[in-house]
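This report is written for a reader who meets the structure for the first time. Please look over the sequence and the model before reading on.

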Amino acid sequence: MGRLAVVGAGGFASEVLALVEASNAAAGSPVWQVVGVLADWVPDDDFLDSWDVAHLGATDAHTRLDADVSLVVAVGDPDARRALVARIGSGRDYATLVHPSAALGRHVRLGAGAVVCSHASLTTHVVVGRHAQVHAGAVVGHDCVLDDLATVSPGAIVSGGVHLEEASFLGAGAVVNPRVTVGRGAVVGSGAVVVSDVAAGTTAVGVPARPLAR
Ligand SMILES: CC(C)(COP(=O)(O)OP(=O)(O)OC[C@H]1O[C@@H](n2cnc3c(N)ncnc32)[C@H](O)[C@@H]1OP(=O)(O)O)[C@@H](O)C(=O)NCCC(=O)NCCS
């Protein structure tokens, strides 16, 4: 059984704690023991009570944890996640977490710290980078590459051969056509249909997706 500390105490941290609970139940015996959460604010009692977890302190309190405790950064926003990973620095192991209801085909590689949520589907020949997230019910087709910190929100559909560059973000229910590249740090709005490449750092919305005029 591995020991795990969850970085974050918001909505996505709840999803990760639910994922761990489901993994333990599905395995028949615990695969992870959650030692607590690290958060830079004091989490609600409701949050701590509902998951029966302790607040171990701010993110930097990871230095007080035993070396065998793995971390997962359970924060949905890619930039916030990047900042936390940078702050934690090297020298800690990150857990790769996959909900037991997720469907992973052959030749799917997941980086350290990656999270695949309930009912997500990654078909085949998919590479998922470090700290990338595929949220509930999302579909990632064949030959996709999700770079580090890329985030696919619930119900998004990523067609085959798509490249989601580092820290790019697909909103809930977005659809990405085959072989499109979503650039580094780009944001695709909920419900958008992406038919052509999205430039790095831009936000695209609508059907078909167009850059958001600022
Ligand atoms: C695209 C998005 C990032 C823009 O957020 P924002 O920068 O705060 O922009 P605003 O909310 O100020 O909206 C700016 C304009 O874009 C429009 N817009 C925002 N989101 C849109 C969307 N998903 N589709 C179409 N238009 C959208 C707004 O109506 C507004 O239009 P207006 O200027 O004509 O009034 C955000 O709306 C979004 O879709 N985020 C994804 C959320 C999500 O799916 N999260 C997953 C949670 S698990």
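The model is a predicted one, and its chain is divided into domain 1, which covers residues 2-88, and domain 2, which covers residues 97-206. Between the C-alpha centres of domain 1 and domain 2 the distance is 22 Å, and the contact draws on 18 residues from domain 1 and 20 residues from domain 2.

The size of an interface is often given as the accessible area lost when the parts come together. For domain 1 and domain 2 the buried area is about 1,400 Å², with 69% of it given by carbon and sulfur atoms. On the side of domain 1, Leu19, Arg81 and Arg82 supply 36% of the area buried against domain 2, which is more than any other three residues supply.

The polar side of this interface can be described as well. There is 1 salt bridge between domain 1 and domain 2, and 6 residue pairs are in polar contact across the interface, counting pairs with both residues at pLDDT 80 or more. The elements that each supply at least two residues to the side of domain 1 touching domain 2 are helix 1 (11-27), strand 4 (69-73) and helix 3 (78-88). Helix 1 gives the most to that side, with 8 residues, and the residues of the side as a whole divide into 13 nonpolar, 2 polar and 3 charged.

For the model, the count of salt bridges comes to 7.

Which residues surround the ligand? Among them are Ser153, Pro154, Phe169, Ala172, Val187, Ser190, Thr203, Leu212 and Arg214. A polar backbone atom of alanine 172 is 2.7 Å from an oxygen atom of the ligand, and a nitrogen atom of the ligand lies 2.9 Å from a backbone N or O atom of serine 190.

Two details of the backbone remain. Most residues other than glycine have a negative phi, and most peptide bonds are trans. Histidine 107, although not a glycine, has a positive phi of about 60 degrees, and this histidine 107 is found in the loop between strand 6 (103-104) and strand 7 (108-110). The peptide bond from valine 207 to proline 208 is cis, with omega near -10 degrees, and proline 208 lies in the loop that runs between strand 22 (203-205) and strand 23 (210-211).

Notes:
Residues numbered from 1 in each chain as written. Predicted model: local features only at pLDDT ≥ 70, side-chain atom pairs only at ≥ 80, totals over all residues. Heavy atoms only, no water. Domains from an automatic or database assignment. Contact = heavy atoms within 4.5 Å. Buried area = accessible area lost by both parts, 1.4 Å probe. Salt bridge = Lys/Arg side-chain N within 4 Å of Asp/Glu carboxyl O. Polar contact = N/O pair within 3.5 Å; in protein donor to acceptor, adjacent residues only side chain to side chain. Helix = DSSP H or I, 4+ residues; strand = E, 2+ residues; numbered from the N terminus. Nonpolar A, V, L, I, M, F, W, Y, C, P; charged D, E, K, R; others polar. Near = heavy atom within 4 Å.
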